[in-house]
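Here's a quick briefing to read alongside the model. Have the sequence and the 3D view open as you go.

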Amino acid sequence: MGTWQKMLLFLSAVILFCCLLVMEPAVVSTWNGNRKTEKRLVLTFDCEGKEDHTDEILGILKTKNVPAVFFVTGEWMKENEESVKKIADARYEIGGHGVAHKDLEKADKKTCQQELKEMDEQIRSVTGKNMRLYRPAYNVSSETLAACAADYGVALVLYSLDTQDWKNYGADELVEGVCQSENLEDGAILWCHLNGKYTAQSLEPMIGKLQQKGYRFVGIN
């Protein structure tokens, strides 16, 4: 094979790779940035409501050396700016979860664009960083929202494993439910709440048991 033929083959491979990147879906429901067969989990927290267990949860995550993503609403940010700064200072990713936690499933393009713009501005004003990830309220997306997010350079992140910490069953029940969930698999995105009554109490044993099962926690690249 001649030099020019080798060069042509190399350029063709590069172009194909770039096309595959462009074709990646805008909505992330399970994390699969690496095609290797592994047992990876993404730990996420929705930040809304009045209760705030930021200090306790950040302490556990630091002790266990586990990454996590925090999805904040605009309303929660206004009331808990210091907590947002603590999360950012601890170098955890902060994504948007809606300016006012409204259902955007049937929202038009203009509404979706404005939502993403305002959420990005709020996050940037507190953290100094652009919003990279966005979780729609009620874990519901649409073609319009996905297209707007792609145009804005933001990935939509849906959860795939509900820890049910919002049901207040108790710490032991929460841990058992997660570890026995049919949705526990490689790439699962766990849904927790920063204001959950038993979330902080269950977090350390839940992480420990999942690690014993061979899972490791990763971020979203």
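Start at F70: leaving aside neighbours within four places in sequence, F70 is in contact (heavy atoms within 4.5 Å) with F45, C47, I57, L58, L61, I87, Y92, E93, I94, G95 and L194. Bear in mind that this is a predicted model, where local features need pLDDT of at least 70, side-chain atom pairs count only at pLDDT 80 or more, and totals for chains, interfaces and linings use all residues. Residues are numbered from 1 along each chain as its sequence is written, and side-chain values use heavy atoms, with hydrogens and water left out.

**Cores**
- F70 sits in the largest nonpolar core, which has 51 residues; L43, L61, F70 and M206 touch the most other members.
- A second, separate core has 10 residues, including V42, V69, I189 and W191.
- A nonpolar core here is a set of buried Ala, Val, Leu, Ile, Met, Phe, Trp, Tyr and Cys residues joined through side-chain atoms within 4.5 Å.

**Overall make-up**
- The protein has eight helices and nine strands, taken as DSSP runs numbered from the N terminus (helices H or I, at least four residues; strands E, at least two).
- Of its 221 residues, 44% count as buried (under 20% relative accessible area; exposed is over 50%, partly exposed in between; 1.4 Å probe, protein chains only).

**Helix α5**
- α5 covers residues 109–127, and its 19 residues reach 27 Å from first C-alpha to last, close to the 27 Å expected at 1.5 Å a residue (1.5 Å times one less than the number of residues).
- C112, E115, L116, M119, D120, Q122, I123 and V126 are buried in α5.
- Those buried residues fall within an arc of 165° seen down the axis of α5, so they line one face of the helix (the arc uses directions from the helix axis to the C-beta atoms).
- K110 and S125, on the other side of α5, are exposed.
- The buried residues of α5 pack against β3 (69–72), α3 (74–79), α4 (81–89), β4 (93–96), β5 (133–134) and α6 (143–152).
- Just after α5, G128 has a positive phi of about 80°.

**Second largest pocket**
- Its lining takes in 14 residues, with Y92, E93, I94, T127 and K129 nearest the centre.
- α4, β4 and α5 are the elements that give two or more residues to that lining.
- On a 1 Å grid over the protein atoms alone, a pocket is an open set of points with protein on both sides within 12 Å along at least five of seven lines, and lining residues have an atom within 4 Å of a point.

Key: 1 Å grid on protein atoms, 1.4 Å probe; cavity = no way out; pocket = protein on both sides within 12 Å on 5 of 7 lines; lining within 4 Å.
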